[in-house]
Amino acid sequence: ARNWVEELRAIEDGLAPVPAHRVMSLSYESFLDAPVATLQRLADFAGLAPSRAWDRSVRSLAFPDRNEAWRARLDDDAVRTITEIQSDELRKHGYALER
């Protein structure tokens, strides 16, 4: 939990001097909602040329939602501790904390 928080802060600090038009942000959830479209947006942002082979490859991949899987493997106290440590960053990035 602490590593995730510190990684987010390090990424934000590292991106601070980068012009906004040179930064693309995406969330795991938006990727899961539309993986092919999200990867296409990413490729476009990176200036990669369209490719039918790439498109076919991406469309053949599976992108299972494992966003909540960690909760099932941990007891309630551990989940509460993790959520507490991450709460500020979770809110900042639009995650609901009620479960």
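This is a predicted model: local features need pLDDT of at least 70, side-chain atom pairs count only at pLDDT 80 or more; totals for chains, interfaces and linings use all residues.
**Close-up 1. Helix α1 passes α6 in a left-handed crossing.** The axes of α1 and α6 (residues 76-92) come within 8 Å and cross at roughly 40°.

**Close-up 2. R9 and E6 pair up within α1.** Their side chains meet in a salt bridge, at 3.5 Å from N to O. R9 and E6 sit three residues apart, about one turn of the helix. R9 is partly exposed at 34% relative accessibility, and E6 is also partly exposed, at 46%.

**Close-up 3. D77 and R80 form a salt bridge in helix α6.** The closest N and O atoms of D77 and R80 are 2.4 Å apart. Because the two are three residues apart in α6, about one helical turn separates them. Shared partners also link salt bridges elsewhere, joining E6, R9 and E89 into one network.

**Close-up 4. R71 and E68 make another salt bridge.** Their closest N and O atoms lie 2.4 Å apart. R71 counts as partly exposed, with 23% relative accessibility, and E68 is partly exposed too, at 33%. Zoom out to the whole structure and the search turns up six salt bridges.

**Close-up 5. I11, L15 and V18 make a nonpolar surface patch.** The patch covers about 220 Å². One of its members, L15, lies in helix α1 (residues 2-15). L15 has 36% relative accessibility, so it counts as partly exposed.

Notes: Residues are numbered from 1 along each chain as its sequence is written. Side-chain values use heavy atoms; hydrogens and water are left out. Patches are made of residues with over 30% relative accessible area and no salt bridge: like charges are joined within 9 Å, nonpolar side chains (Val, Leu, Ile, Met, Phe, Trp, Tyr) within 5 Å. Accessible areas come from the Shrake-Rupley method with a 1.4 Å probe; for residues, only the protein chains shown count as cover. A salt bridge is a side-chain nitrogen of Lys or Arg within 4 Å of a carboxyl oxygen of Asp or Glu. Helices (H or I, at least four residues) and strands (E, at least two) are DSSP runs, numbered from the N terminus. Buried means under 20% relative accessible area, exposed over 50%, partly exposed in between (1.4 Å probe, protein chains only). Axes are lines fitted to C-alpha atoms, for helices over the stretch in contact, and angles run from 0 to 180 degrees between N-to-C directions. A crossing is left-handed if the near helix is turned anticlockwise from the far one by less than a right angle, and right-handed if clockwise.
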